[in-house]
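Have the viewer open and follow along.

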Amino acid sequence: MKVKRIVLISILFLIAGAAAFGIGMAMLDMDFYALDNAEYKAGTLDLENQVFLGAQKDENGNAEITNVIASINYWFVDVAVGEKFSFEYYTDKDTEVEYSYDNGTVMINMTRDWKKEAFRFDFFKGLKRGKYRCKLTVPSGIDVNFYFTNSETNIKDAQFGEYIMEGTNCDLKFDNVTFGSLSLDAVNSDVEFNNITTGSLACKGTNMDLSADNLTVSADAEIESTNGEFTFENSSVAGKAVCEGTNIELEIKHSVFAAFELEGTNSYLEIEKSKFASVKYSGTNAELVTFGYIDCPLFDLRGTNGDFNITLLGSDADIKSVTVEGTNRTLYVNGDKKRSSYTNSGETLISASGTNVYVDLNFYAK
């Protein structure tokens with residue numbers, strides 16, 4: 001017990017000392033970057049590099065590039081679209097950079113040699129690295145496959161074939177971009193889509209915050225996330241849209257989806273004035289809230305602790321049947337409590353089942 005107390009007191013003193021040091025140096029206008037004595041060198045890979053000698057030429061006489069595969073670790077990367085390919089980067093003595101070109105494909109691999117650092121301690125090492133950002137410029141119309149740690153992507157008015165992005169600590173912004181297919185797999189990422197068209201869409205990650213305005217998906221869409229927040233506005237998915245995860249929040253506003261499925265634990269689905277061919281929602285601690293209305297003829301709702309508040313476009317005459325089954329079930333239609341079912345002369349089917357299931361059905365006049 002005494003040893004634990006000594007360890008705790010030591011940690012507290014260490015934290016307090018570091019804080020005092022930081023505050024003191026800031027007051028003295030200390031340049032913390034100067035404490036890092038590592039040497040950083042600039043490098044460039046462009047179309048003039050000998051790696052492109054003998055390459056097939058495009059219509060402008062440059063090396064033809066159809067695909068860029070880049071794996072960049074530890075360094076911050078800015079990604080943009082330009083007329084020509086180029087990669088501007090920085091290295092220190094522990095960074096290894098490899099690149100090659102083969103039949104239209106550029107491959108870049110930028111890594112750290114951790115073995116060199118394992119037995120060398122420098123308390124201030126890496127402070128200055130934040131000032132040096134690599135920049136990767138790729139031409140429009142190609143396929144890309146990126147893996148980054150610490151990156152910022154800002155692409156506007158471009159077109160890609162297959163776009164694959166994996167990484168950690170990624171900020172991505174796409175504006176007026178067309179993709180053949182788009183796949184994102186990231187941890188701690190902020191993603192913004194504006195005026196985007198893609199064939200298929202796949203998003204997977206932890207702590208992913210994605211907002212989309214005017215996103216058009218002509219094939220299927222898949223989302224798999226832990227601690228994710230997703231907003232789709234003025235968007236459409238022609239194929240099947242499947243979402244699953246833990247602690248996942250989705251907002252769908254003024255959008256049109258075909259078959260939509262959500263399966264999760266601690267999930268929240270908010271829909272505002274949107275249309276679906278069908279909605280299937282299942283999970284534990286599942287909540288559905290409607291603002292405005294949902295235009296949908298088929299609902300399949302299942303779960304434990306399910307709270308489903310549905311406002312349908314139309315009237316109760318559009319209902320064919322509403323059925324709620326399970327333990328501790330509650331059904332309201334237009335504010336009136338029902339036993340467990342409701343029927344009428346329409347075509348809309350709503351079924352709910354599980355434990356602690358609450359369905360509150362209301363209507364939004366056409």
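pLDDT is the predictor's confidence in each residue, on a scale from 0 to 100. This is a predicted model, and the mean pLDDT of the protein chain comes out at 88, with 85% of the residues at 70 or more.

Helix α1 (residues 2-27) has the lowest mean pLDDT among the elements, 54, while strand β10 (residues 236-237) has the highest, 98.

## The overall picture

The protein chain has two helices and 17 strands. It runs to 366 residues, and 40% of them count as buried. If you take contacts between residues at least 6 apart in sequence, 36% of those join residues at least 24 apart.

As for the surface, the chain exposes about 18900 Å². Carbon and sulfur atoms supply 48% of that area.

## Strands side by side

On one hand, β2 pairs with β8 in the parallel sense, over six bridges; here S71 stands opposite Y147 of β8.

On the other hand, β2 also runs parallel to strand β6 (residues 105-112), again with six bridges joining the two. In that pairing, I69 has M107 of β6 as its bridge partner.

## The nonpolar core

Which residues have the most contacts inside the largest nonpolar core? They are F85, F146, F193 and F260, in a core of 90 residues. Strand β8 (residues 143-217) gives the largest share of this core, 26 residues.

F260 is worth a click. Leaving out residues up to four places away in sequence, F260 touches A241, C243, L250, I252, L269, F276, S278, V279 and K280.

## A closer look at S278

S278 is found in strand β12 (residues 256-295). Is S278 buried or exposed? Its relative accessible area is 18%, and the cut-off for buried is under 20%, so S278 counts as buried.

Its neighbours, again skipping residues up to four places away in sequence, are A258, A259, F260, C296 and L298. That brings us back to F260, one of the residues with the most contacts inside the largest nonpolar core.

Terms used
Residues are numbered from 1 along each chain as its sequence is written. This is a predicted model: local features need pLDDT of at least 70, side-chain atom pairs count only at pLDDT 80 or more; totals for chains, interfaces and linings use all residues. Side-chain values use heavy atoms; hydrogens and water are left out. A nonpolar core is a set of buried Ala, Val, Leu, Ile, Met, Phe, Trp, Tyr and Cys residues joined through side-chain atoms within 4.5 Å. Buried means under 20% relative accessible area, exposed over 50%, partly exposed in between (1.4 Å probe, protein chains only). Helices (H or I, at least four residues) and strands (E, at least two) are DSSP runs, numbered from the N terminus. Contact means heavy atoms within 4.5 Å. Two strands pair if DSSP finds at least two bridges between them. Accessible areas come from the Shrake-Rupley method with a 1.4 Å probe; for residues, only the protein chains shown count as cover.
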